Amino acid sequence: MNRIILAYCHDNAELAETVEQQLSRIGIPFEHITDKPGEAPGGISARLADTNDPVVLFVTANFLKSRDCMDGALPMVQSLLRERRLLTVVADGKVSNDGGATFEYVETHFDRMVYALQYMNFWQTAWLDLSTRHQQAEGEEKAALEIELNATRNIANEIGELISALREAGYVTWEQFEADDFAIFFRQFGLQEWHEQYRQ
């Protein structure tokens, strides 16, 4: 039995924890891959590229607006799709306006262009803001901003294509994923006999 990788933005860890708590009871081994504080942008994509296991990717508003998650996401997703080992689950993100004391849920949509545009505009604006800061910076600060600027420019250039790739490949919502005792999960990875065991 292969491991199944759960990949997500650290802000949405409860999604992956719910899946693991439910499904590890029948012995399915999971590995979590998420962005880590202080890691260079693109770390999550690089670590996913190094695996051969099936991947459940949780795409949320947090993921789509995280430089750490989005840097390198397009080639990573394309590679996983080519190898037929990606299941994309689109779920609500969350934001806090009081430093993490409370959270509000934010719906994640990119099924229509009007929804996708908000993410494309987000990265375009982030790139323009960083460009201005970079021009005004000096020394070490300028060098650090250059790394961020390059990553942000790549994301701004690639996000439209990433969203198109996810839409064309097909994805499920969190509600669809959870329905019928996670039937989609078992079907996607050829684990139908495990599904019977899980139901019992």
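Tutor: Here is the overall picture, then the cores, then a strand residue and a helix. Keep in mind that this is a predicted model, where local features need pLDDT of at least 70, side-chain atom pairs count only at pLDDT 80 or more, and totals for chains, interfaces and linings use all residues. Residues are numbered from 1 along each chain as its sequence is written, and side-chain values use heavy atoms, with hydrogens and water left out.

The chain has nine helices and seven strands (DSSP runs numbered from the N terminus: H or I with at least four residues for helices, E with at least two for strands). Its radius of gyration is 18 Å, close to the 16 Å that the globule rule gives for 200 residues, so the chain is as compact as a globular protein of that length. That radius is taken over C-alpha atoms, and the rule is 2.2 Å times the number of residues to the power 0.38. Of the 200 residues, 44% count as buried, meaning under 20% relative accessible area with a 1.4 Å probe, protein chains only; exposed is over 50%, and partly exposed lies in between.

Now the core itself. A nonpolar core here is a set of buried Ala, Val, Leu, Ile, Met, Phe, Trp, Tyr and Cys residues joined through side-chain atoms within 4.5 Å. The largest one holds 32 residues, and Leu48, Val55, Leu57, Met70 and Phe110 touch the most other members. Helix 7 (residues 139-169) supplies the largest share of this core, six residues. Apart from it lies another core, of 27 residues, among them Ile28, Phe58, Phe186 and Leu191.

Zoom in on Leu48: leaving aside neighbours within four places in sequence, Leu48 is in contact (heavy atoms within 4.5 Å) with Ile5, Ala7, Ile33, Val55, Met76 and Arg85.

Thr88, in strand 4 (residues 86-90), is buried too, with a relative accessible area of 3%. With the neighbours within four places again set aside, Thr88 is in contact with Leu57, Val59, Leu166, Tyr171 and Val172.

Last, helix 9 (residues 192-199), whose buried residues are Trp194, His195 and Tyr198. Seen down the helix axis, they fall within an arc of 105°, so they line one face of helix 9; the arc is that of the directions from the axis to the C-beta atoms. The cover over these buried residues includes helix 1 (13-23) and helix 8 (174-188).
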